[in-house]
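This briefing is intended to be read with the sequence and the structure side by side. Please look at both before turning to the notes that follow.

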Amino acid sequence: MRCEEVWTILEEEPTAEFSPPVREHLKVCRTCAAYARDWRLVAAGLHELSREPVPEASWGFAARVVRRIEEATAILRPRPEFVEQVGRRFVYATLMLTLVLLLGLLLPSSGPLRSPAADDYYLVRPETVSARAEVALGEEFPDLQEAMPLTFTGGSERGDR
Amino acid sequence: MENPRPEVAQEKEWIERSRNGEPEAFGQLAERYQRRIFSLVYHFIRRPTDVEDMVQEILVKAFVGIRTYNYQASFGTWLSRVAVNHCYDYLRRQRAARVTYYSDMSEERQRQLESRFEQPDPGGLTPEAQIAARDLVGKLLERAKPEDRIILSLKELDGLSADEIGEVLRIKPSNVKVRLHRARKRMLKDLKRLREGK
């Protein structure tokens with residue numbers, strides 16, 4: 001008989017009267033004899049543990065469970081006022097956004113509510129360019145500077161306006 | 001068509017109402033299964049003062065997750081599964097050792113106790129030997145890996161069959177037997193270590 005077979009029998013019925021082959025095996029196999037002794041001890045302890053009285057639920061246990069469930073789910077479930085408040089804010093935000101978009105589409109492309117008109121940029125340019133022209137020509141050629149028309153610096157026509 | 005038994009129909013109604021968010025209906029289910037869950041939890045954690053709180057936590061968890069219950073197993077089995085998972089997490093966090101009578105016994109008394117188990121039937125144990133054996137196994141269970149502790153408790157303390165354990169743990173009955181054998185072997189190995197004072 002193999003040791004594994006003996007262990008299976010021992011585990012299934014540790015306190016049973018063993019068959020002659022098992023008894024023979026236990027006589028000659030010290031490992032199995034030790035296994036049998038230890039498992040019987042553990043099985044007896046397990047049996048004692050299983051006989052221990054299990055604590056009973058105290059009075060009103062189910063009602064307390066229900067209350068605890070209500071508390072737990074109240075935390076998880078958003079309150080109706082909260083939902084209403086969030087919904088109202090969402091509607092206001094959507095309306096504001098729509099209004100801004102409509103204003104953006106309806107307003108003219110220039111004006112006091114827009115960025116400066118494109119022409120204003122050109123007003124600055126002649127000064128810059130003319131300043132550059134002075135530096136480029138220097139004080140050594142005052143005659144040339146006087147003789148040079150403003151149109152030479154570029155964009156001056158608009159600046160003259 | 002055959003009508004289902006009234007308690008089965010009643011249970012189904014409570015389950016459906018619980019699924020629709022009625023805690024009172026779940027309270028009825030809790031009342032029906034509380035004994036079973038108390039027994040499971042007590043055998044897993046073995047702390048009488050913590051059992052009730054733990055069972056409450058399990059039942060709240062079960063209510064929150066009741067929509068996942070699909071009637072494939074019985075409601076009791078499903079609830080046991082929730083309890084096992086909850087206790088498994090708890091046991092993983094708490095693997096503290098306990099002071100036991102066995103460890104306080106002299107070596108001679110330990111040997112006397114063990115020699116009683118040389119024979120197949122150790123006969124009637126004295127109250128002292130009963131306490132010692134019980135505390136020894138209590139200590140071994142506390143030192144065991146959570147998965148060993150759970151499977152051994154289900155089999156040896158709650159008296160579930162391999163098929164029932166398989167349903168709760170969602171494994172095949174043949175696998176239950178293999179795991180049980182391994183858990184027992186590890187327990188006996190640990191008994192040796194305990195004897196050697198490790």
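This is a predicted model: local features need pLDDT of at least 70, side-chain atom pairs count only at pLDDT 80 or more; totals for chains, interfaces and linings use all residues.

**Chain A in outline**

- Chain A contains eight helices and zero strands.
- Along the sequence, its pattern reads α-α-α-α-α-α-α-α.
- Of the 161 residues in chain A, 14% are buried.
- Among the contacts in chain A with a separation of 6 or more, 57% are between residues 24 or more positions apart.

**Helix H4 of chain B and B:Cys87**

- The buried residues of H4(B) are B:Phe75, B:Trp78, B:Leu79, B:Ser80, B:Val82, B:Ala83, B:Val84, B:His86 and B:Cys87.
- These buried residues are covered by parts of chain B that include helix H1 (6–19), H2, H3, H8 and helix H9 (162–169).
- B:Cys87, which lies in helix H4 of chain B, counts as buried because it has 21 C-beta neighbours inside 10 Å, and the cut-off for a buried residue is 20 or more.
- Leaving aside residues up to four places away in sequence, B:Cys87 touches B:Val41, B:Phe44, B:Ile45 and B:Ile150.
- One of these, B:Ile150, is 63 residues from B:Cys87 along the chain, and the C-alpha atoms of the two are separated by 8.5 Å.

**Helices H2 and H3 of chain B**

- H2(B) and H3(B) pack with their axes 9 Å apart, at an angle of about 135°.
- This angle makes H2(B) oblique to H3(B).
- The crossing in which H2(B) passes H3(B) is right-handed.
- From H2(B), the residues that meet H3(B) are B:Pro23, B:Phe26, B:Ala30, B:Gln34, B:Ile37, B:Phe38, B:Val41, B:Tyr42 and B:Ile45.
- From H3(B), their partners are B:Pro48, B:Asp50, B:Val51, B:Met54, B:Val55, B:Ile58, B:Leu59 and B:Phe63.
- The residues of this contact comprise 15 nonpolar, one polar and one charged.

**Two loop residues with positive phi**

- B:Arg46 is located in the loop between H2 and H3 of chain B.
- Its phi is near 55°, a positive value in a residue other than glycine.
- B:Arg46 counts as partly exposed because it has 18 C-beta neighbours inside 10 Å.
- B:Arg170 is located in the loop between H9 and H10 of chain B.
- Although B:Arg170 is not a glycine, its phi is positive, at about 60°.
- With 11 C-beta neighbours inside 10 Å, B:Arg170 therefore counts as exposed.

**The contact between chain A and chain B**

- On the two sides of the contact, 38 residues of chain B meet 32 residues of chain A.
- Five helices of chain B each supply at least two residues of the side that touches chain A: helix H2 (23–45), helix H3 (48–64), helix H7 (127–143), helix H8 (146–157) and helix H10 (173–195).
- H2(B) provides the largest share of that side, with ten residues.
- Sorted by class, the side of chain B that touches chain A has 22 nonpolar, seven polar and nine charged residues.

- The buried residues in H7(B) include B:Ala129, B:Ala132, B:Leu136 and B:Leu141.
- The axes of helix H3 (residues 30–51) of chain A and H7(B) come within 7 Å and cross at roughly 95°.
- H3(A) and H7(B) are therefore roughly perpendicular to each other.
- In H3(A), the residues that meet H7(B) are A:Leu41, A:Val42, A:Ala44, A:Gly45, A:Leu46, A:Glu48 and A:Leu49.

Methods:
Residues are numbered from 1 along each chain as its sequence is written. Chains are lettered from A and ligands numbered from 1 in the order in which they are written. Two residues are in contact if their C-beta atoms, placed from the backbone, lie within 7 Å. Helices (H or I, at least four residues) and strands (E, at least two) are DSSP runs, numbered from the N terminus. Ala, Val, Leu, Ile, Met, Phe, Trp, Tyr, Cys and Pro count as nonpolar, Asp, Glu, Lys and Arg as charged, and the others, Gly among them, as polar. A residue is buried if 20 or more other C-beta atoms lie within 10 Å of its own, exposed if 12 or fewer, and partly exposed in between; C-beta atoms are placed from the backbone. Axes are lines fitted to C-alpha atoms, for helices over the stretch in contact, and angles run from 0 to 180 degrees between N-to-C directions. Angles under 35 degrees count as roughly parallel, over 145 as roughly antiparallel, 65 to 115 as roughly perpendicular and the rest as oblique. A crossing is left-handed if the near helix is turned anticlockwise from the far one by less than a right angle, and right-handed if clockwise.
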